[in-house]
Amino acid sequence: MSIFVLDADGLIKLTKAGVIEELAKYRKCVITEEVFSESVKKGKERFYEDAFVIEKLINRKLLALEKIKFAEIGNLGKGEASTLALYKKKKGDAIITDDRKFLSVLEEQNIPFMVPIDVITVLLKKRKITRKMASEALEKIKFLTREELYIKAKSEIGD
């Protein structure tokens, strides 16, 4: 089974887009305790709706939570550094993130990754979500993502 490791940025955007559950049902999704702290603990303190959704997915065992030892990496946060370590330990298939600094590290290390908008188009192509759901998901994160990626995804879903 494919394993996707998500950092907080990717996890939060897919949750806001409303497609994280479909992804978690389709492929094994794993996060670290550091990502949990960033996305759920801090999010709940600020009453962010997505934090409660993520916590429910963990409680339902759709999203796996793992503890891992990791080394800090230059200008990356703990969430990204722990995500990279977990990806390597689990021999994951890809990391899901939209953090530009992290993306450049992944490119340098030749590590496969997907940005949240790509996940939405893949879910549509694999028929895990409808065209309407894909279009709505894109709209929900339109202002959280790069314009060129949004435009490309809109054309890919035929919207």
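**Salt bridges, ring contacts and a helix crossing**

D98 and K13 form a salt bridge, with their closest N and O atoms 3.0 Å apart; the term covers a side-chain nitrogen of Lys or Arg within 4 Å of a carboxyl oxygen of Asp or Glu. D98 sits in the loop between β4 (94-96) and α6 (100-108) and K13 in helix α1 (residues 8-17), so the pair ties together parts 85 residues apart in sequence. Keep in mind that this is a predicted model, where local features need pLDDT of at least 70 and side-chain atom pairs count only at pLDDT 80 or more. Side-chain values use heavy atoms, leaving out hydrogens and water.

**Charges and rings**
- Across the whole structure, the search turns up 13 salt bridges.
- R27 has its charged end over the ring of Y26, 4.1 Å from the centre (NZ of Lys or CZ of Arg within 6 Å of the ring centre and within 35 degrees of the ring normal).
- K16 does likewise with Y48, its charged end being 5.9 Å from the ring centre.

**Helix α3 meets helix α5**
- The axes (lines fitted to C-alpha atoms over the stretch in contact, angles from 0 to 180 degrees between N-to-C directions) of α3 (residues 33-45) and α5 (residues 78-90) come within 8 Å and cross at roughly 145°.
- The contact (heavy atoms within 4.5 Å) is made by E34, V35 and E38 of α3 with K78, G79, S82 and T83 of α5.

Methods:
Residues numbered from 1 in each chain as written. Helix = DSSP H or I, 4+ residues; strand = E, 2+ residues; numbered from the N terminus.
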